[in-house]
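This report describes the model shown below. It begins with the nonpolar cores and then turns to the individual chains and their contact.

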Amino acid sequence: MNFISPLRSVAGWLEARTGLASAVTPAMTHPVPRRTASWWYVFGSATLALFALQIATGICLALVYVPAADQAYQSLQYLNDQAVFGAYLRAVHFWGSNAMVLVMTLHMIQVFLFGAYKYPRELTWIAGVFMLLCTLGMAFTGQILRWDQDAYWGLGIGASIAARAPVVGSMLVHVLLGGPIIAGRTLSRFFALHVFVVPGILIALTGLHVWLVLRLGVNEWPMPGRLVDRQTYRARYEADVHRDGVPFFPVAARKDMVGMGVAILAVLACAAIFGPNGPHGVPDPTITDASPRPDFYFLSVFALLALLPPWTETFILLVAMPLAIVLLLAVPLFAGTGEKSWRRRPVAVLSVLVILLTVTTLAALGVRSPWSPVMDAGTALATPAAYVQSRSPLQLQGALVVQNKQCRNCHSLGGEGGARGPALDGVATRLTRDQLIRQVLQGGGNMPAYGKNLTPAEVNALVAFLETLRPSNQSPARTPVTARPVARAE
Amino acid sequence: MCANHDVLPPTRRGFLFTVGVALSALAATLAGIPIIGYLFGPVRGRAGQAWIKLGSVASFPEGQTRLATYDNPFRVAWDGPTARIACWVRHVGGDRFQVFAINCAHLGCPVRWFAQSRLFMCPCHGGAYYEDGSRASGPPPRGLFEYEYQIREGQLWVRGGQLPTLAGPV
């Protein structure tokens, strides 16, 4: 009693001047459709909570981080090793960014499957797509601020993609890098993008997005057969909400608050368990044993760039991907009315499944990256003992050639080595001696030709060794006997 | 309604409104020109290149391919480790050299030289090149980017300074 009445009078004093409570209360307690107080509707608010966490931790990191190419790396090490809670805040910012991309994607899938982008919420969707693009932009620029080898070569990849644009390619590269090459001005540019430009746009879009949700109402739970019609939708929605609505606060907001709490706690837990990411190696481009890898949000693109037929790459990067974004933006414009329920929208459900499967499969391949040679196979991997037992001196010479000529950068032996080419175990069951020689000398099927790089004696030994690589219970490959052509009756 | 009455007849208020719009547009243009110019300031053509000394010809034995490093000729004081640039120098024989950019022609990752198999391999997407820089396999659309070079007084010089890409080789 003693505490509450002075607080009330302070609140009353403030309210008399600001009028904030009377402005905000109607928005907080506006009626929403009863069934939208559902766990399916929590992803948007959880994304917002994660964004707030990113802003808070980001500002903290900016208090120490030096956005200069000669000191950024050391300032990150200082954050990791010396600043109180520095490593933890870096970890929260990193895991928070992962969570934000993930939860935002869940929100988008839910909104898509529930038909929430349809009339009159088209602009809410379009703003949302731009928010997704901004968030991915934050992810990319944030990865650059880590200013390690991955950041340096990631910039190289970004610039090389930009360079493929016809006519303006070179100009784009220079504008992107802030100069002719990746250097100090590049980091300053990406710092400005990451802390001023993109967050500014993202905050403005978030304002617009939330304003639209308040103005147009939370999308009702879609009922199969209840079609969206531009003439009748709004009146029907208003009538339904006034007949059977519940106040957003506290009825629907309860689950939102739980969702926000769980999202933040999950990030805090991941940060505590797994810690910060990097910085990995000094961004010195003269260190050539770098194997750059992107963060998880771009692993699928990384995989795509390795697996696409080379002649399609420029088209897919510069035409198909921007078209896909335009298509995503245009979804509410060509499918803005009609059925909302996912139960009656098989194409929508299948699209989500196909896109999810494609992206996750590509990302999983990106983690393994079987197309990348194992760069140290020639020195780091021993030839398995079983493959050198009971071999003739010539065959042992061949085993040495396999080892020394770095064949295992691309071919595995005994399960160890690269996966770019086929495993060598059992190669003798697939290729005859002549075919082996031809393959080694001329290459082909994505294998370089070794004709100029091996002496005839080396080729002879190598093939003698390769011929021994087959299980004892399988016969060696044989040249197919060409059947005599049968004369056909005309 | 009121606005129409205010704007239509040539009044002092209408004139002031027009002046206000015109002044704001002028101010926005004048402020915008240096901003746009500043943002596009880094765009350079051939001016983004300079001759760089890599070292004496004797330090590159004939028939071998070696890593050479140089300082970016357009470096600024705060470039730190990124001011260092690497390239692969192949001494073909006599005065004939090939100097390759370290950046893969596919997407710019650092290619590594394997002297035993006489191949350059890229760790990112698996591009491979022969010792003369020509494409051997993988996604690269062309061979390695090659620097223009000169030999002056026993020293090997290359012309470089920009990130080699498909739009602007070194």
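## Nonpolar cores

The largest nonpolar core comprises 122 residues, and L50(A) and C87(B) have the most contacts inside it. A nonpolar core is here a set of buried Ala, Val, Leu, Ile, Met, Phe, Trp, Tyr and Cys residues joined through C-beta atoms within 7 Å. A residue is buried if 20 or more other C-beta atoms lie within 10 Å of its own, exposed if 12 or fewer, and partly exposed in between, with C-beta atoms placed from the backbone. Helix α5 of chain A (residues 86–113) gives the most to this core, namely 12 residues. A second, separate core has 19 residues, among them V401(A), C407(A), L436(A) and L462(A).

Leaving aside residues up to four places away in sequence, C87(B) touches A68(B), V99(B), F100(B), A101(B), I102(B), Y147(B) and V158(B). Two residues are in contact if their C-beta atoms, placed from the backbone, lie within 7 Å.

## Basis of the model

The model is predicted: local features need pLDDT of at least 70, side-chain atom pairs count only at pLDDT 80 or more, and totals for chains, interfaces and linings use all residues. Residues are numbered from 1 along each chain as its sequence is written, while chains are lettered from A and ligands numbered from 1 in the order in which they are written.

## Chain A

Chain A is divided into domain 1 (24–368) and domain 2 (377–466), with bounds that come from an automatic or database domain assignment. The C-alpha centres of these two domains of chain A lie 46 Å apart.

Within chain A, helix α3 (residues 43–62) contains A49(A). Helices (H or I, at least four residues) and strands (E, at least two) are DSSP runs, numbered from the N terminus. A49(A) counts as buried because it has 24 C-beta neighbours inside 10 Å. Residues up to four places away in sequence not being counted, A49(A) touches M260(A), A263(A) and I264(A). By contrast, A49(A) and Y233(A) are 31 Å apart in space, C-alpha to C-alpha, and 184 residues apart in sequence.

## Backbone features

Two cis peptide bonds may be noted in chain A. The bond from F249(A) to P250(A) is cis, with omega near 10 degrees, and P250(A) is found in helix α11 (residues 248–274) of chain A. The bond from G278(A) to P279(A) is also cis, with omega near 0 degrees; P279(A) is placed in the loop between α11 and α12 (299–307) of chain A.

W147(A), a residue other than glycine, has a positive phi near 45 degrees. W147(A) is found in the loop between α6 (122–145) and α7 (149–163) of chain A, and is buried, with 32 other C-beta atoms within 10 Å. In chain B, R118(B) likewise has a positive phi, near 50 degrees, and its place is in the loop between β5 and β6. With 19 C-beta neighbours inside 10 Å, R118(B) counts as partly exposed.

## Chain B: overall form and strands

Chain B has 2 helices and 10 strands. Its radius of gyration is 27 Å, well over the 15 Å that the globule rule gives for 170 residues, so chain B is more spread out than a compact globule. This radius is taken over C-alpha atoms, and the rule is 2.2 Å times the number of residues to the power 0.38. Along the principal axes, the C-alpha atoms of chain B fill a box of roughly 85 × 40 × 25 Å. Buried residues make up 41% of the 170 residues in chain B.

An open sheet of 3 strands in chain B has the order β2-β3-β4, with antiparallel pairing. Its edge strands are β2 (65–71) and β4 (96–101), each pairing on one side only. Two strands pair if DSSP finds at least two bridges between them. β2(B) and β3(B) (residues 84–93) pair over 7 bridges, and T65(B) stands opposite R90(B) in β3(B). Elsewhere, β9(B) (residues 148–152) and β10(B) (residues 155–160) pair in the antiparallel sense over 5 bridges. These two strands form a hairpin with 2 residues between them, and E153(B) in the turn has a positive phi of about 50 degrees.

## Contact between the chains

The contact takes 52 residues from chain B and 56 residues from chain A. On the side of chain B that touches chain A, the largest share, 3 residues, comes from β3(B).
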